[in-house]
Amino acid sequence: MNEYKIFINGNFVDGRGGISEVINPHDNKPIAKYHIASKEDVDLAVKSAREGFKKWRNFSINRRIRILQNLSKLMQDNLDKLAQIESLNVGKPISASKGEISAAIAVLDFYIGAVNKIMGETIPTLPGLFNYTIREPIGVCALIVPWNYPLMLTMWKLSPALACGNSVIIKPASWTPLSALELAQLCKEAGIPDGVVNIITGPGSSIGSYLVSHEGVDKISFTGETKTGAEIMKLASDTIKRVSLELGGKSANIVFDDADFDDAVNGSIWAIYYNSGQSCEARSRLFVHKNIYDKFLSAFLKKTKKIKISNPLNKDTQMGPLVSKVHLASVHSLVEKGIEEGAKLIYGGKKVEEGELKDGNYYYPTILELHSTENVCFKEEIFGPVVVVMPFESEEEVIKLANDSKYGLAGTIWTRDVKRAIRVTNAIRTGSITVNHPLTAIPGLPFGGYKQSGFGRELSLDAIDLFTEKKSVIYKFSEDPVNPWGL
Ligand code: NAD
């Protein structure tokens with residue numbers, strides 16, 4: 001069994017917090033061992049990143065670009081291996097893992113293209129003054145990543161952080177550390193100087209908290225649950241760290257009665273069940289106009305039953321297992337609670353107990369019909385393949401329903417009426433909204449949340465703001481006295 005060490009100052013070293021196992025969610029058997037960092041290891045990683053920052057920020061722009069291009073090529077050369085690891089560790093269908101690693105490389109390429117376009121401005125102000133701004137890297141960035149898209153979300157953060165000249169400490173989630181630790185080797189081979197990229201593992205509650213409170217860390221870029229984000233804001237406040245947060249969601253999917261019916265059914269299937277519903281932008285609340293409600297629900301149910309659930313390594317698998325036993329139990333208990341509170345179970349609502357999948361964390365795609373917005377399954381992020389369905393009558397009503405959430409990450413509407421599409425997209429309080437298709441995360445377009453879904457925008461040039469400081473430089477060229485008191 002492979003044993004993965006933590007990565008500090010360009011070396012793979014023993015973690016002093018112990019050794020743990022990585023579990024394959026397909027059968028709950030161990031697939032690798034990994035070292036856990038201690039607080040002393042975090043101190044070392046911060047020290048190494050501080051030294052790394054001094055080097056990397058002073059590299060010429062062209063040198064930085066060439067090294068990041070090396071990394072992009074190495075990731076491309078290792079795509080199959082990385083995808084295999086991601087599927088074994090997270091339970092993603094292999095076709096999805098390949099797509100996500102490609103998407104991760106596309107994000108890196110996007111920011112490589114930005115390295116030599118990080119510019120300041122000249123700003124006219126008072127007579128006799130000449131002013132301009134420059135952008136500088138922030139320093140040491142802690143990149144804290146969840147388990148649902150381990151490598152892809154690492155690259156959403158690492159790419160702009162390095163493009164802007166920062167050094168980093170990456171902390172993957174404890175269930176899914178493997179792809180980040182594989183990436184460490186590629187960073188080394190690419191020629192990223194020692195100390196610029198460090199990767200530590202460990203529980204969020206101890207090692208994560210210690211990292212985000214550390215005096216030597218300047219910036220935190222976090223993706224994960226809203227309650228963890230709130231905790232991190234508190235921990236970061238003592239040292240006034242820069243913080244950006246990508247948090248949870250409970251996104252709406254609205255089907256009007258004039259929508260292209262087949263597209264709306266197919267797109268709605270993808271919007272909830274991709275990655276077994278373990279997506280922050282999963283459209284987990286489905287609102288369907290009453291005129292087409294019965295027909296839509298029956299077509300949606302028919303397609304839901306056809307989803308191919310099987311071993312993630314099979315080429316034609318569409319849905320794999322949930323990431324862990326613990327997570328499966330959490331998804332199921334929310335479904336049970338929702339049913340207790342009055343939700344009608346249309347399909348699913350249980351673990352797959354048959355055949356070769358019985359030892360894994362497979363959960364049937366689940367449809368719950370709701371008539372109350374007070375139901376726990378309407379309010380809470382379930383983070384599994386569970387959709388709640390509700391009929392609606394009017395545009396005003398469905399806008400109200402869609403906005404009735406503490407979250408504001410994404411949304412989708414299906415309609416052929418352009419005027420309505422504009423009215424509804426304007427009225428919905430989310431960071432992304434799609435019309436007549438389900439895809440939200442596209443390199444170049446800002447991605448992030450309104451309300452309790454977080455703040456800051458990744459995946460776009462906006463992330464340059466998240467990973468740089470802006471300095472105003474002010475020159476005086478007039479002959480006026482420098483001290484207005486005239487002393
Ligand atoms: P989580 O909040 O439990 O953990 C995320 C990461 O934070 C892990 O690496 C964890 O170890 C670490 N962590 C936990 N407590 C910490 C603390 N006190 N200090 C520092 N680090 C700590 O989230 P998860 O269960 O891994 O991921 C699922 C969540 O992520 C869902 O809520 C989902 O919506 C959200 N998510 C959001 C986006 C987005 O872009 N908005 C994308 C993917 C996932």
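Is R50 buried, exposed or partly exposed? R50 is partly exposed, at a relative accessible area of 29% (buried is under 20%, exposed over 50%, partly exposed in between; 1.4 Å probe, protein chains only).

The views show a predicted model, in which local features need pLDDT of at least 70, side-chain atom pairs count only at pLDDT 80 or more, and totals for chains, interfaces and linings use all residues. Residues are numbered from 1 along each chain as its sequence is written, and side-chain values use heavy atoms, with hydrogens and water left out.

**View 1. D218 and R50 form a salt bridge.** The cut-off is a side-chain nitrogen of Lys or Arg within 4 Å of a carboxyl oxygen of Asp or Glu. Here the closest N and O atoms are 3.1 Å apart. D218 sits in the loop between helix 7 (204–213) and strand 10 (219–223), and R50 in helix 1 (residues 39–56), so the bridge ties together parts 168 residues apart in sequence. Helices (H or I, at least four residues) and strands (E, at least two) are DSSP runs, numbered from the N terminus. A search of the whole structure finds 21 salt bridges.

**View 2. R242 pairs with E469 in a salt bridge.** The closest N and O atoms lie 2.8 Å apart. R242 belongs to strand 11 (residues 242–246) and E469 to strand 22 (residues 468–476). The pair links distant parts of the chain, 227 residues apart. R242 is partly exposed at 38% relative accessibility. E469 is partly exposed too, at 29%.

**View 3. A salt bridge joins the side chains of D260 and R416.** The N to O distance is 3.8 Å. D260 lies in the loop between strand 12 (252–255) and helix 9 (261–273). R416 lies in the loop between strand 18 (411–414) and helix 14 (418–427). D260 is partly exposed, with 31% relative accessibility. R416 is exposed, with a relative accessible area of 59%.

**View 4. Helix 13 (residues 395–403) has buried residues on one side.** The buried residues are E395, V398, I399, L401 and A402. They cover an arc of only 160° around the axis, so they share the same side of helix 13. The arc is taken from the directions from the helix axis to the C-beta atoms. E396 and K400 are exposed on the other side. The buried residues pack against strand 12, strand 13 (285–289), helix 12 (376–379), strand 16 (386–392) and helix 14 (contact: heavy atoms within 4.5 Å).
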